[in-house]
Structure formats: C-alpha cells, structure tokens
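This report is written for a reader who has not seen this structure before. Please look over the sequence and the model below before reading on.

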Amino acid sequence: MSDTITLTIDGKEITAKRGQTILQAADAAGIYIPRLCAHDDLSAHGSCRVCTVMVNGRPQAACTQSVADGMIVENESDQIRNIRRNLIDMLFVEGNHFCMFCEKSGNCELQALAYRFGITAPKYPYLYPQRELDASHPDIFIDRNRCILCGRCVRASRDVDGKTVFEFVGRGAEKRVAVNAEATLRDTKIALTDKAVDVCPVGAIIIKRVGYKVPVGQRLYDHEPIGSNIEKGAKKG
Ligand code: SF4
Ligand code: FES
C-alpha cells in the first residue's frame, strides 16, 4: 500500500502522507486552516473546534481527523466561516479579552483570528468573568480571565517539560487551569525556558517585564495576518 494518498480541499487536489491529519496535510500544501488548541509541537487536543472543516459533507476537526484517499474537504465556505466566527465570538465574550490593555496584543492568536475573520466586536454580550490570577512567581503570571481552555500549557508541561505544572480541573463553566493541584506558580518547578510558558495562544500565561519590549505595531500579526506564512508555502504557521 502506498504511503501517499490524494484528497481534495476546496476543489484543489493535494497529496498527503497516510497517517497525517487534515491540518498537517493542508499546512504542507500551503492551505491555512484556522486553529487555536492545535500546536505543531504538541499532541492534538481537538477542543476549540476552530479548525472545523466539512469532510464528505460532515463537520470534523481538521486537527484530529486523519486524511483518507479520495476525501473531499471544504475549508472555505459561508457555512464554515459562520461556524468559526461564532466560536471566536464566544471565546471573546466568555473571557476578559480587552486587546488594548493586553500585553499579548499583536502576538495573540485569538485577536489575530478575529482580525482575519473581520470581527471588530463580538455579537454576544460579554460575561465578564472574575477568575483567579496568580502573580506569585517572580517571572511568570497567569490570568485565567484570558484563558480559552485550549490545553496547550497542560500538554506542554506534561509531555514536553515533564513537570505537569498545569492541569484542568472542574467541568463545564467551572472548568479551569489549575497549577500543581491547587498550588501557586511560585510553589512549582516552572521555568522561563519551559515549553508551557511559550505556547499560550492568548495573554493568559505572560512572562513578566517583557510585555512591551516589542512595541505594538511591530509585533507578529501587526505585519501579516495569521496563517499567511502557511499560505506563502512555509511549512508552519
Ligand atoms: S492558560 Fe493559555 S495555554 Fe493554558 S489552557 Fe489557557 S489559553 Fe490555553
Ligand atoms: S485546532 Fe482543532 S479543535 Fe482546536
């Protein structure tokens, strides 16, 4: 059996390796599929659903669904854009994402996705949560009010750093990121070099005192929309 298969994304035929996810195959073909919980260096989580595509007419998460020979994938359609826009809108209002006050502005994947989707204000009312902050560590800060529960920090700390500093606790609306079974960051072995500190897509995990080293206007997504490096043919984005 050949290791290479053929599938179609938005009418464009691409080749992929058997075992790849749709997201990986699309990246390699220069087709950007929006994502938030997925990260190139981490196992798939499949929680945010921003990568939703239609596969043979049914919605699937591109970051967890494997490619198959002859698969027909829709990535750009009004229906899919609406699904993604709704998800992004909901993420904004479920947390306190006030970009003009956030150190992550310009480097934030949620903000960059909103720009890419032309969202200037969410269509749902803000919930203004009041969740716990943890500024106990000398160098690292977590603001759960900006957390989108993507699980990147959880996977990175467990699978890459081997420390399990972060974990999910609670269910439904009570779900949140806990630090070492309800300790504070100061009590953990977390270090600035940890992958878990580097992967937060929003301004929930912040390194102290560096937030404005690169001025707003000169940051990653101030230059080019999120995903444009993939569309330009670079492998990763
Ligand atoms: S703190 Fe950041 S990386 Fe961790 S779950 Fe929340 S948004 Fe994701
Ligand atoms: S990127 Fe696929 S579900 Fe989050």
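Predicted model: local features only at pLDDT ≥ 70, side-chain atom pairs only at ≥ 80, totals over all residues.

## The open sheet

Five strands make up an open sheet in the order β2-β1-β5-β3-β4, and the pairing is mixed. At its edges are β2 (12-17) and β4 (58-61), each of which pairs on one side only. From one strand to the next, the twist averages 40 degrees.

Within this sheet, β1 (residues 4-9) and β5 (residues 72-74) run parallel and are joined by 2 bridges. Thr 8 has Ile 72 in β5 as its bridge partner. Helix α2 packs on the sheet, where it touches β3 and β5, and its direction makes about 150 degrees with that of β3.

## Arg 35

Arg 35 lies in the loop between α1 (22-28) and β3 (52-55). Is Arg 35 buried or exposed? Arg 35 has a relative accessible area of 7%, and because the cut-off for buried is under 20%, Arg 35 counts as buried.

The side chain of Arg 35 has two polar partners listed here. One is the side chain of Asp 27, joined to that of Arg 35 by a polar contact of 2.8 Å. The other is the backbone oxygen of Ile 33, which the side chain of Arg 35 reaches at 2.9 Å. Leaving aside neighbours within four places in sequence, the residues in contact with Arg 35 are Leu 23, Asp 27, Val 50, Cys 51, Glu 109, Leu 113 and Ile 230.

## Helix α3

Two of those contacts, Glu 109 and Leu 113, are also among the buried residues of α3. This helix spans residues 109-116 and is mostly covered, with 6 of its 8 residues buried. What do the buried residues of α3 pack against? Their partners are three helices: α2 (78-94), α4 (152-160) and α6 (220-223).

Tyr 115 also belongs to helix α3. Tyr 115 has a relative accessibility of 63% and therefore counts as exposed, the cut-off for exposed being over 50%. The C-alpha atoms of Tyr 115 and Ile 226 are 8.7 Å apart, although 111 residues separate the two along the chain. After α3 comes Gly 118, which has a positive phi near 70 degrees.

Strand β7 (residues 140-143) has antiparallel pairings with two other strands. With β6 (residues 133-134), the antiparallel pairing runs over 2 bridges, and Leu 133 stands opposite Asp 143. The two strands form a hairpin that has 5 residues between them. With β10 (residues 205-207), β7 is joined by 3 bridges, again antiparallel. Here Phe 141 has Ile 206 as its bridge partner.

The residues of β7 point two ways. Ile 140 and Ile 142 face one way, Phe 141 and Asp 143 face the other way, and all are buried.

## The ligand site

Around ligand 1 there are 13 residues, and those that come nearest are Cys 147, Cys 150, Gly 151, Cys 153 and Cys 200. How many residues of each class are in this shell? The shell has 11 nonpolar residues, 1 polar residue and 1 charged residue.

Technical notes. Residues numbered from 1 in each chain as written. Chains lettered and ligands numbered in written order. Heavy atoms only, no water. Near = heavy atom within 4 Å. Nonpolar A, V, L, I, M, F, W, Y, C, P; charged D, E, K, R; others polar. Buried < 20%, exposed > 50% of the residue type's maximum accessible area, 1.4 Å probe, protein only. Helix = DSSP H or I, 4+ residues; strand = E, 2+ residues; numbered from the N terminus. Contact = heavy atoms within 4.5 Å. Pairing = 2+ DSSP bridges. Polar contact = N/O pair within 3.5 Å; in protein donor to acceptor, adjacent residues only side chain to side chain. Axes fitted to C-alpha atoms, helices over the stretch in contact; angles between N-to-C directions.
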